[in-house]
Amino acid sequence: MAWSTTNDAADFLGAAGSFLRSRPTDHTTLLTVTESLLLRGPTAYGAAYGTAPPLLGWWLAGPGDVAGAFLHTPPHPVTIGPVPAAAVPALAGLLAATHRQVTGVVADQPTATVFAAEWQRRTGATGHLS
């Protein structure tokens, strides 16, 4: 069980697209933003997506078994779809290790709470849930 990441929207959709499309209501933002990145390119929106490259990732529960996904288009918050509980601390660790500038998280409340606590523990950053 581990995160795989890419900066390329086509690679992301190739790996996680079927999973995302299997539950489109749960993954509307992930699908919409990724399709926009694919069609317009990662820098087409200028200030909308910032100048840092997007980071897109999928959680593998086993070989070829995608069980979750996230995206980060700075300066926007990290968006995390429904994921297994074990994936959340691992994602905070991955993003902290890569020195991503995380300004917030968009996820369901339990996921956001765990991510925020892990992010604070790993980086010392403080914040609040809204």
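Okay, quick one before we start: when I say helix, I mean a DSSP run of H or I, at least four residues long, and the helices are numbered from the N terminus. Keep in mind that this is a predicted model.

So, with that in hand, let's go to the end of α4. Just after α4, Gly124 takes a positive phi of about 80°.

A side-chain oxygen of Asp108 comes to within 2.8 Å of the backbone nitrogen of Thr111 at the start of the helix. And the length works out: 15 residues at 1.5 Å a residue should span 21 Å, and the end C-alpha atoms of α4 are 21 Å apart, so the two agree.

Which residues of α4 are buried? They're Thr111, Ala112, Phe115, Glu118 and Trp119. Looking down the axis of α4, the buried residues sit within an arc of 135°, so they line one face of the helix.

The largest nonpolar core has 16 residues, and the ones touching the most other members are Trp3, Phe70, Ile80, Leu91, Leu95 and Phe115. Two or more residues come from each of β2, β4, α3 and α4, and α3 gives the most, with six. There's another core apart from this one, with 15 residues, including Phe19 and Val33.

Let me zoom in on Leu95. Beyond its neighbours within four places in sequence, Leu95 is in contact with Leu55, Phe70, Val78, Arg100, Val102, Phe115 and Trp119. Leu95 is also one of the buried residues of α3, and the cover over those includes β1, β2, β3, β4 and α4.

Last stop, two residues for contrast. Thr79 lies in strand β4. Why does Thr79 count as buried? Because its relative accessibility is 11%, and the cut-off for buried is under 20%. His76 is in the loop between β3 and β4, and it is partly exposed, with a relative accessible area of 32%.

That's my tour, happy to take questions.

How values were computed: Residues are numbered from 1 along each chain as its sequence is written. This is a predicted model: local features need pLDDT of at least 70, side-chain atom pairs count only at pLDDT 80 or more; totals for chains, interfaces and linings use all residues. Side-chain values use heavy atoms; hydrogens and water are left out. Buried means under 20% relative accessible area, exposed over 50%, partly exposed in between (1.4 Å probe, protein chains only). A nonpolar core is a set of buried Ala, Val, Leu, Ile, Met, Phe, Trp, Tyr and Cys residues joined through side-chain atoms within 4.5 Å. Contact means heavy atoms within 4.5 Å. The expected span of a helix is 1.5 Å times one less than its number of residues. The arc is that of the directions from the helix axis to the C-beta atoms. A polar contact is a pair of N or O atoms within 3.5 Å; within protein, one must be able to donate a hydrogen and the other to accept it, and residues adjacent in sequence count only if both atoms are side-chain atoms.
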